[in-house]
Amino acid sequence: MKNNILLEVPNINSKDAKLKKLIYEVDDSLFNENKYSDEEFEHLCICSGGTTSSCAKNGFTTLDLRKNYSKIHLDRKTNLVTIGGGVIMGDLVNHLQKHNRSFPIGLSKLPGAGYILTGGVSPLSRAYGLAIDNIESIKGFLGNGKFISLKKNQINPEEQLIWEAIKGAAPFFSIITEIELKTIQSNPIKVIEGFVNLNELSEIIKLSEEFPENISLQWIYAQKIYIYIFAELNNLEDKRTEEYLMLLDKFPALEKQFYENFNKINFFPKELNLYDLNANNHSEVISLLGEDLKNDIPIFIKCLSEIMDNKPNNSCYVASQQLGGKTKKLNHGSSFFVHRKSTWKPWIYASWKKNDLQEKEVALEWIYKSWSKLKRFYPNIHLAQLHNHLNSHEEEIALAFGNRMNELKTLKNIFDPQGILPPL
């Protein structure tokens, strides 16, 4: 296969990579250690949807699951859906919508199953938990080539640790080819959205930390600040929901939109120029986790303002999603998403003109400086993107897996002894 093959994926870094080889099937030859060269620390890159900058790299082999692992099947009796490891989240919700079902996907419909396996934070998470909390069974291969098939209620003691680690840390020691998920009833959604200033953002964050589980706040600070307050309407909570939403009537620029279901919403308006991905730019993103801001909101807002004053170009931004509710209650100790007390998942996004190494250095420096300023509020990491090509990789992994890091290293040593999958 030619070295200059392009991988058609949303992430421009990966799309531009000069691949060593592109493969579509998981078979025994994949686990042959002679395929990977030690001196380059080469490992297999996995593409399930292609939104991460590490799903394809120069001179590396990429396994693209989207071609042969993209089946979706909803069991109408149990309302469980089975998806292949290469299913894109937009395709999943489109399929479910035909049957008036849904799933807590994130703000973008572009990610694949990696979104689920690394945690999966959604505007619906406060009501239904993280994506990993909704996994019923998985099939796939460990890094040593051994096939695994695990079902939530039939895990034996030897499998327990593997099952927990799949939920949050799967990419380091396994290739997941099939996932069975709980689906949810598709309900109408009310969204209150619009541009706000820093003082208004401060007030809205304070209000949001008292929201019931069916309401969540998302905001993005690019050139200006745009917010989404997302409320799922189910008859039981409509009156209470309206009482909370009425508190937002004082912000004149906010508009109410009604959607018949989650699938109809496209987050972040065109005027922000964010998701019309610029084909001339490369980018990186780091996702953080932290608890309620409470009395620290004013200091946080001041810090955010300083960060944005120093951004190197207009493509850089900071954004945040709200967790809490069910994400704090569900699944303690039974997954490798260890930061269950988290209320906020902010992320710092930096981008630069591709091939401009100086601008890249400046943009990455801004990410790291911004991260170090935000650490006091958000000390932990949500490893939604793998950064083994960046200097921050080891620190990110330690902050993502915390007290389960040693268990993950043990699993890696046992089940990926040749280091075929991304390194820790």
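Contact, as used in these legends, means heavy atoms within 4.5 Å. The model is predicted, so local features need pLDDT of at least 70 and side-chain atom pairs count only at pLDDT 80 or more, while totals for chains, interfaces and linings use all residues. Residues are numbered from 1 along each chain as its sequence is written, and side-chain values use heavy atoms, with hydrogens and water left out.

**Figure 1. The whole protein chain.** The protein chain has twelve helices and 18 strands; helices (H or I, at least four residues) and strands (E, at least two) are DSSP runs, numbered from the N terminus. Its C-alpha trace spans about 65 × 55 × 35 Å along the principal axes. A compact globule of 424 residues would have a radius of gyration near 22 Å, and the 21 Å of the protein chain therefore agrees with that. The radius of gyration is taken over C-alpha atoms, and the globule rule is 2.2 Å times the number of residues to the power 0.38. Of the 424 residues, 59% count as buried; buried means under 20% relative accessible area, exposed over 50%, and partly exposed in between (1.4 Å probe, protein chains only). Among contacts between residues at least 6 apart in sequence, 72% join residues at least 24 apart.

**Figure 2. E159 in helix α5.** E159 is found in helix α5, which covers residues 157-169. Its relative accessibility is 21%, so E159 counts as partly exposed. Not counting residues up to four places away in sequence, E159 touches L150 and Q154. E159 and I148 are eleven residues apart in sequence, and their C-alpha atoms are 9.5 Å apart in space.

**Figure 3. Helices α5 and α12.** Two packed helices are described by the angle between their axes and the distance between the axes. The axes of α5 and helix α12 (residues 405-415) come within 11 Å and cross at roughly 105°. Axes are lines fitted to C-alpha atoms, for helices over the stretch in contact, and angles run from 0 to 180 degrees between N-to-C directions. The two helices, α5 and α12, are therefore roughly perpendicular to each other; angles under 35 degrees count as roughly parallel, over 145 as roughly antiparallel, 65 to 115 as roughly perpendicular and the rest as oblique. On the α5 side, L161, I162, A165 and A169 meet E407, L408, L411 and F415 of α12. The residues of this contact divide into seven nonpolar, no polar and one charged. Here Ala, Val, Leu, Ile, Met, Phe, Trp, Tyr, Cys and Pro count as nonpolar, Asp, Glu, Lys and Arg as charged, and the others, Gly among them, as polar.

**Figure 4. Helices α6 and α8.** Helix α6 (residues 198-208) and helix α8 (residues 297-309) pack at an angle of about 140°, with their axes 10 Å apart. This makes α6 and α8 oblique to each other. Their crossing is right-handed; a crossing is left-handed if the near helix is turned anticlockwise from the far one by less than a right angle, and right-handed if clockwise. L198, L201, S202, I205 and K206 of α6 make the contact with I297, F300, I301, L304 and S305 of α8. Seven of the contact residues are nonpolar, two polar and one charged.

**Figure 5. I204 in helix α6.** I204 lies in helix α6 and counts as buried, at 0% relative accessibility. Leaving aside neighbours within four places in sequence, I204 is in contact with V196, L217, I227, I229, L248, F251 and L254. One of these, I229, is 25 residues from I204 in sequence and 9.3 Å away in space, C-alpha to C-alpha.

**Figure 6. E284 in strand β15.** E284 is found in strand β15 (residues 281-289). With 5% relative accessibility, E284 counts as buried. Beyond residues up to four places away in sequence, E284 touches several others, including N13, S53, Y349, W352, H387 and H389. E284 and L80 are 204 residues apart in sequence and 34 Å apart in space, C-alpha to C-alpha.

**Figure 7. T61 in strand β3.** T61 lies in strand β3 (residues 61-64) and is buried, with a relative accessible area of 4%. Not counting residues up to four places away in sequence, T61 touches K20, K21, I23, E42, H43, L44 and C45.

**Figure 8. N100 and K294, in loops.** N100 is found in the loop between α2 (89-97) and β6 (101-102), and K294 lies in the loop between β15 and α8. Phi of N100 is near 60°, a positive value in a residue other than glycine. For K294, phi is near 45°, again a positive value in a residue other than glycine. N100 counts as partly exposed at 37% relative accessibility, whereas K294 is exposed, with a relative accessible area of 57%.
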